[in-house]
Amino acid sequence: MGTDVELLKQLRGSILMLVNNRHVAQQSRADHILLWRMLQDLRFSIGESELITICQDLADRGFLKYEESRDKDQHGRPTTRVSLYKLQLTPAGRDLCEGTTSNPAIYI
Amino acid sequence: MTALQLVGDGGMLKWIRNLLYPGVAGVMIAITLGIIDLLKSSPNAGVELLKSWGPGFLLGLLAIAVVGTFLDKVTSSWQSSVDAQQQVAVALTQLAEKDDRDRDRMVTETQYMMQRMEQTHATVAAVAAAVGRIEQRMSLKDAG
């Protein structure tokens, strides 16, 4: 349990750092699929739904914002699958990445 | 230069023929295109015009058919070529965008790894400094 919590804190920090790096480099805002791929490249073992949950958690904490859409099936009916687009940091998220502030729940 | 030389050698005659044939062909195409336009805009007037030509009527129809078929083939070929070029352009654009996305992703990941390495380096340096201080205190105690 302890390890899971530590990993979660590490993941939160890594997500914020990756999003911040793209912002600093003036790259296009990532979607959750791109973020997921980057985390996998960096050897984080994380599922897609788990990543979405963490992003929602970061948004709830006021560090991250994005646009969300519910995918549709072949008949045009909304499914339970959610996609996150245009991920970007809030000013509070940038402060965290720049070390201006800190949060015990997030390892930067 | 006699007329026989002109015809026999074929020099001047060949030159005139080479000049004449494309000219006549061009005029014929221009006339045919004009008739096609006329037939499209006002079919009755076009038919009347062809009839007034007499024996040239059938020739005119033939020319229209031949040139029309030729133009159709040229247009079709040209359209195919344009379509193919568009498909190649789209494919190249997608490839370039994919390359850009991959490059951007790698840049982000590399920056992240460098940041983590710097953090690790700072942590190791801090630990080394702490160990150094402990060693110094221990050596002071031993000396004391």
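**View 1. Helix α3 of chain A, residues 48-60, in the predicted model.** This helix has 13 residues, and the distance from its first C-alpha to its last is 18 Å, which is close to the 18 Å expected at 1.5 Å a residue. Just after α3(A) comes A:G62, a residue that takes a positive phi of about 85°.

**View 2. The buried and exposed residues of α3(A).** Four residues of this helix, A:L51, A:I54, A:C55 and A:L58, are buried. When the helix is seen down its axis, these buried residues fall within an arc of 100°, so they line one face of α3(A). An α-helix has 3.6 residues a turn, so residues three or four places apart point the same way. On the other side of α3(A), A:S49 and A:D60 are exposed.

**View 3. The elements of chain A.** Chain A contains four helices and two strands, and along the sequence these follow the pattern α-α-α-β-β-α. Of its 108 residues, 29% count as buried. Among the contacts in chain A between residues at least 6 apart in sequence, 59% join residues that are at least 24 apart.

**View 4. The elements of chain B.** Chain B has four helices and zero strands, so that its elements, read from the N terminus on, run α-α-α-α. Of the 144 residues of chain B, 1% count as buried.

**View 5. The contact between chain A and chain B.** Chain A gives 11 residues to this contact, and chain B gives eight. On the side of chain B that touches chain A, the residues divide into two nonpolar, three polar and three charged.

Conventions. Residues numbered from 1 in each chain as written. Chains lettered and ligands numbered in written order. Predicted model: local features only at pLDDT ≥ 70, side-chain atom pairs only at ≥ 80, totals over all residues. Contact = placed C-beta atoms within 7 Å. Nonpolar A, V, L, I, M, F, W, Y, C, P; charged D, E, K, R; others polar. Buried ≥ 20, exposed ≤ 12 C-beta atoms within 10 Å, placed from the backbone. Expected span 1.5 Å × (residues − 1). Arc of directions from axis to C-beta.
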